[in-house]
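Welcome, and please take a moment with the sequence and the 3D view before reading on.

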Amino acid sequence: MAKTKDALDTIVGMLSPYLGETMARAAALAHCQKLGIVVEGADISREQLDALLRKLAQGMNIFVGREKAATVVGEIQAAMAARAAS
Amino acid sequence: MSRSARTDLVFLVASLLAVVPFVLQLAGRPGGPSGDEVRLYVGNAAKLAFLAIAAGAAIGSAKQFERDNPMRGTWRLFAAGFVTFAAGQAVLGTYQAVLRLPSPFPSAADAFFMCSYPLLLAALFRAIRAYGATGYPIGTAFERAGTGGAVAAVAVIVGYPTLKPVAAIPAPPLETFLNVAYPVLDLAVLVPVAILLRIAVRFRGGEVWKVWAGLLAGFVLMCIGDILFAHFAALGRADLDPLIHVMYILAYAAIARGALGQYQLLK
């Protein structure tokens, strides 16, 4: 389990080069709200994180294609795993 | 320096070099017969090259998007529009640089240019629909309709008095039709362009923004170029033609940069 806020910071950092920081953060927060993920002072479960990344990737497909979107999601997951391990 | 920044630099330098001979002419330093030659070849080559890059990048982007991705159809339409536009420019270039004749107006080039507008309009509206389906916070459909409606209203308010004198000038019917049709179609293109600009501005700082900033700036400059063309033709102000060439060169460069940006995003 990771802090939701930390997970969002990682996600935003990875999406920003493509979407810009404002849209990356707004999109992540909007999807958290839709999925019922609490951001402030809460942990994010593995299932919630996967659901959030799936939603973000569906949108990313439109901008960068499915292959690149999958690569970005893979990078986010790797970064999250590295963060959890450290 | 990133690949994107390098691409920006290359396009900036190339487009500035291409407009220099025209800016010098506007500044009262035409450079005599050699200056005319430079403008003839540099102008035609730059326009055709930028349009060819735009078409190539659009074809490449359409191929890269998956079969069921709505942006595949969007970029196919852009590709068809840019190829048709490039064909029109090639006809003009052939008259001017190969046959060494003043390009007639109207000509086959106008048939190509006219065919490209519905394709580009369809591409822009498809892009709006695709972006609306991303689930990202890009505003509501009501906001987008409001933006489109407001721009359409301004286009009518500005377009009617601007184009009325153009339509009133005695000229062959086809010439009058084209002089009015180009700016009208440009203003129609500005409606989806404004909606997309409102969406794209939320992506500032990212590569997606660069794609649309280039494409949309290009369409706006094309619109300005066409309106200037209609006015200068109607008023007989051939001395201001270099300004039209500057607008078109910068427009095509911006469109090419935008299209190439999308292709690079997919690779």
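This is a predicted model: local features need pLDDT of at least 70, side-chain atom pairs count only at pLDDT 80 or more; totals for chains, interfaces and linings use all residues.

Residues are numbered from 1 along each chain as its sequence is written, and chains are lettered from A and ligands numbered from 1 in the order in which they are written.

The model scores ipTM 0.91 and pTM 0.93. Within chain B, helix α3 (residues 70-98) has the highest confidence, at 97, and helix α7 (residues 207-235) the lowest, at a mean of 89.

## Chain A

Chain A contains three helices and two strands. Here helices (H or I, at least four residues) and strands (E, at least two) are DSSP runs, numbered from the N terminus. Read from the N terminus, the order is β-α-α-β-α.

The C-alpha atoms of chain A fill a box of roughly 30 × 25 × 20 Å along the principal axes. Its radius of gyration is 12 Å, which agrees with the value near 12 Å for a compact globule of 86 residues. That radius is taken over C-alpha atoms, and the globule rule is 2.2 Å times the number of residues to the power 0.38. Buried residues make up 38% of the 86 residues in chain A. A residue is buried if 20 or more other C-beta atoms lie within 10 Å of its own, exposed if 12 or fewer, and partly exposed in between, with C-beta atoms placed from the backbone.

A:Lys5 counts as partly exposed because it has 14 C-beta neighbours inside 10 Å. Not counting residues up to four places away in sequence, A:Lys5 touches A:Val39 and A:Glu40; a contact requires C-beta atoms, placed from the backbone, within 7 Å. A:Arg46 lies 41 residues from A:Lys5 along the chain, and their C-alpha atoms are separated by 14 Å.

## Chain B

Chain B has eight helices and zero strands. Its radius of gyration is 19 Å, close to the 18 Å from the globule rule for 267 residues, so chain B is as compact as a globular protein of that length. The C-alpha trace spans about 55 × 45 × 30 Å along its principal axes. Buried residues account for 44% of the 267 residues in chain B. Of the contacts in chain B between residues at least 6 apart in sequence, 76% join residues at least 24 apart.

Helix α4 (residues 108-132) of chain B has 25 residues and reaches 37 Å from its first C-alpha to its last, close to the 36 Å expected at 1.5 Å a residue; that expected span is 1.5 Å times one less than the number of residues. Its buried residues include B:Phe113, B:Leu120, B:Leu124 and B:Tyr131. The cover over the buried residues of α4(B) includes α3 (46-85) of chain A, along with α3 and α6 (173-200) of chain B.

## Where the chains meet

How many residues of chain A are in contact with chain B? The contacts join 21 residues of chain A to 22 residues of chain B. On the chain A side, α1 (4-19), α2 (21-35) and α3 each supply at least two residues. The largest share, ten residues, comes from α3(A).

That side of chain A divides into ten nonpolar, seven polar and four charged residues. In this count Ala, Val, Leu, Ile, Met, Phe, Trp, Tyr, Cys and Pro are nonpolar, Asp, Glu, Lys and Arg are charged, and the others, Gly among them, are polar.

## The core and a buried loop residue

The largest nonpolar core has 105 residues, of which B:Ala54, B:Ala58, B:Tyr252 and B:Ala259 touch the most other members. Such a core is a set of buried Ala, Val, Leu, Ile, Met, Phe, Trp, Tyr and Cys residues joined through C-beta atoms within 7 Å. Its largest share, 16 residues, comes from helix α8 (residues 241-266) of chain B. Not counting residues up to four places away in sequence, B:Ala54 touches B:Phe82, B:Tyr252, B:Ile255, B:Ala256 and B:Ala259.

B:Phe65 is in the loop between α2 (32-64) and α3 of chain B. Is B:Phe65 buried or exposed? B:Phe65 is buried, with 23 other C-beta atoms within 10 Å. Leaving aside neighbours within four places in sequence, B:Phe65 is in contact with A:Gly65, B:Met71, B:Arg72, B:Trp75 and B:Leu266.

Terms used: pLDDT is the predictor's confidence in each residue, from 0 to 100. Two residues are in contact if their C-beta atoms, placed from the backbone, lie within 7 Å.
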